[in-house]
Amino acid sequence: MTARYAIRFELADSTILAAHHHLARKADAIASARRAAKDIATSDIVRIWVDDTKTELGVTSFETRGWKNRRESLLKELCQ
């Protein structure tokens, strides 16, 4: 069984990094990406992507906790 689904990180400047992890099952890749998005507290990484390496398409993405917190604080600053 080959690893078909890749986990990639998107930085704040819209750069998508090379795949860090490859998984064979789509459900496992999505679950891993969802967990990683909840655990990442830095605002440098804004999204976690799950890509299908055979079709080269994005399956889904999750916004990271750190980026959500940063975005909310920026919005509060703008509203004041």
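Trainee: Where does S14 lie, and why is S14 called exposed?

Mentor: In this predicted model, S14 lies in the loop between β1 and β2 (21-23). Its relative accessibility is 53%, and since exposed means over 50%, S14 counts as exposed.

Trainee: What makes the phi of S14 worth noting?

Mentor: The phi of S14 is near 75 degrees, which is a positive value in a residue other than glycine. E56 also has a positive phi, near 60 degrees, and is likewise a residue other than glycine.

Trainee: Why is E56 called exposed, and in which loop is E56 found?

Mentor: E56 is found in the loop between β3 and β4 (57-63).

Trainee: Why does D51 count as buried?

Mentor: D51, which has its place in strand β3 (residues 45-52), has a relative accessibility of 13%; because buried means under 20%, D51 counts as buried.

Trainee: How do you know that the side chains of D51 and R8 are joined by a polar contact?

Mentor: The distance given for this pair is 2.5 Å, and the cut-off for such a pair of N or O atoms is within 3.5 Å, so the polar contact between the D51 and R8 side chains qualifies.

Trainee: What makes Y5 buried?

Mentor: Y5, in strand β1 (residues 5-11), has a relative accessible area of 10%, and as the limit is under 20%, Y5 is buried. Beyond neighbours within four places in sequence, its contacts include A24, V50 and D51.

Terms used
Residues are numbered from 1 along each chain as its sequence is written. This is a predicted model: local features need pLDDT of at least 70, side-chain atom pairs count only at pLDDT 80 or more; totals for chains, interfaces and linings use all residues. Side-chain values use heavy atoms; hydrogens and water are left out. Helices (H or I, at least four residues) and strands (E, at least two) are DSSP runs, numbered from the N terminus. Buried means under 20% relative accessible area, exposed over 50%, partly exposed in between (1.4 Å probe, protein chains only). A polar contact is a pair of N or O atoms within 3.5 Å; within protein, one must be able to donate a hydrogen and the other to accept it, and residues adjacent in sequence count only if both atoms are side-chain atoms. Contact means heavy atoms within 4.5 Å.
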